[in-house]
Amino acid sequence: MITEAEPGEAWIIQPGGQASAYQFRGVPGVGGGQMPPDVVLGRV
Amino acid sequence: MSTVDLTGRVALVTGGAGGIGAAVVRRLARLGASVAVLDLDAAGAQRIASAAGGIAIAGDVTDPAVLPAVVAQVEKEFGRLDIVHLNAGIGGGQTGIDALDVARYRKLVGVNVDHVVYGLCAAVPALRRAGGGKIVITSSLAGLAAMPSDPLYTLTKHAVVGYVRAAGKALAADGIVVAALCPGFVDTLLLGAAKEEFVAMEFPLLTPSDIADAPRR
């Protein structure tokens, strides 16, 4: 897992199965679909 | 199974004297990495480190001065740091939702949350100097789902997952991968007396090696 993980992933490991990255659901945004500023999203 | 070659890479594992941490140390060593084992249990750390051809460091991860000093020691010893597994953790031990043992709570947050923050902040400059790297943090299934028997443990493990998700995005541009491990119930000392219940109902438990060696689906 250490060698294969991607940024920000949370890996679930259960008996009898292989590890897999948890798929987080998004949260509702504002009406109209406008996104917050890039500075808040860590894009700058 | 991964066939990655970590020869020439240097790793640090906290809580490496037993359980998941010791299994991770063994896996990293098998892949060729030089490994530093940090644990409160000095003798245990020495035993695991010796078997892995690494070094042992005794220290309390809740002390904000310890992880910066350990990272500096590892860089001095090996010349670089590439992989950090912040694995040290404890159970909540909560006996009721309103039965707060403040000392126990502070220790829980100290090990499960503060240590992760101290470790990440100490490691990032070293990983940048190495040109990038990986930080893996042991959370739990309780970091994604509620564990009603231990809300405080659930609190700390959710905190870890949130921190990983945010820090992972923030550090990706530096070539630093931050990720969390969320195992189900693992056969370690953390299970405590509950282990008897799991055994009685023949509930499948993970082994520490299952965690360390888990291939990606």
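1. Glu202(B) sits in the loop of chain B between helix H6 (194-200) and H7; helices (H or I, at least four residues) and strands (E, at least two) are DSSP runs numbered from the N terminus. This is a predicted model, in which local features need pLDDT of at least 70 and side-chain atom pairs count only at pLDDT 80 or more, while totals for chains, interfaces and linings use all residues. Residues are numbered from 1 along each chain as its sequence is written, chains are lettered from A and ligands numbered from 1 in the order in which they are written.

2. The backbone at Glu202(B) deserves a look. Its phi is near 55°, a positive value in a residue other than glycine. Most residues other than glycine have a negative phi. Glu202(B) is exposed, because 7 other C-beta atoms lie within 10 Å.

3. Chain A contains one helix and two strands, in the order β-β-α from the N terminus on. The C-alpha trace of chain A spans about 45 × 25 × 10 Å along its principal axes. Of the 44 residues in chain A, 25% are buried.

4. Eight strands form an open sheet with mixed pairing, in the order S2(A)-S1(A)-S6(B)-S5(B)-S4(B)-S1(B)-S2(B)-S3(B). The edges are strand S2 (20-21) of chain A and strand S3 (55-58) of chain B; each has a single partner strand, so one side of each lacks a neighbour in the sheet. Strands are taken to pair if DSSP finds at least two bridges between them.

5. The join between the chains within this sheet is made by strand S1 (residues 10-13) of chain A and S6(B), which run parallel and are linked by four bridges. Ile12(A) has Cys182(B) in S6(B) as its bridge partner.

6. Across the whole interface, 21 residues of chain A are in contact with 35 residues of chain B, contact being C-beta atoms, placed from the backbone, within 7 Å. On the chain B side, at least two residues each come from strand S4 (83-86), strand S5 (133-138), helix H5 (151-171), strand S6 (176-183) and helix H7 (208-212). That side of chain B has 23 nonpolar, six polar and six charged residues. Here Ala, Val, Leu, Ile, Met, Phe, Trp, Tyr, Cys and Pro count as nonpolar, Asp, Glu, Lys and Arg as charged, and the others, Gly among them, as polar.

7. Within chain B, strand S1 (residues 10-14) runs parallel to S2(B) through five bridges, with Ala11(B) partnered by Val35(B). S1(B) is also joined to S4(B) by four bridges, again parallel, and Val13(B) has His85(B) as its bridge partner there. S4(B) in turn runs parallel to S5(B) through four bridges; Val84(B) is partnered by Ile135(B), and His85(B) stands opposite Val136(B).

8. H5(B) lies across S1 of chain A together with S5 and S6 of chain B, at about 160° to S6(B). Helix H4 (residues 102-129) of chain B packs against H5(B), their axes coming within 9 Å and crossing at roughly 10°. Axes are lines fitted to C-alpha atoms, for helices over the stretch in contact, and angles run from 0 to 180 degrees between N-to-C directions. H4(B) is therefore roughly parallel to H5(B), a label for angles under 35 degrees.

9. The contact of H4(B) with H5(B) involves residues including Leu108(B), Val116(B) and Leu120(B) in H4(B), and Ala159(B), Val160(B) and Tyr163(B) in H5(B). Its residues divide into 13 nonpolar, two polar and one charged.

10. Ile97(B) is in the loop between S4 and H4 of chain B. It is exposed, because 10 other C-beta atoms lie within 10 Å. The C-alpha atoms of Ile97(B) and Leu152(B) are 8.6 Å from each other, although the two residues are 55 residues apart along the chain.

Definitions and conventions:
Buried ≥ 20, exposed ≤ 12 C-beta atoms within 10 Å, placed from the backbone. Contact = placed C-beta atoms within 7 Å. Parallel < 35°, antiparallel > 145°, perpendicular 65-115°, else oblique.
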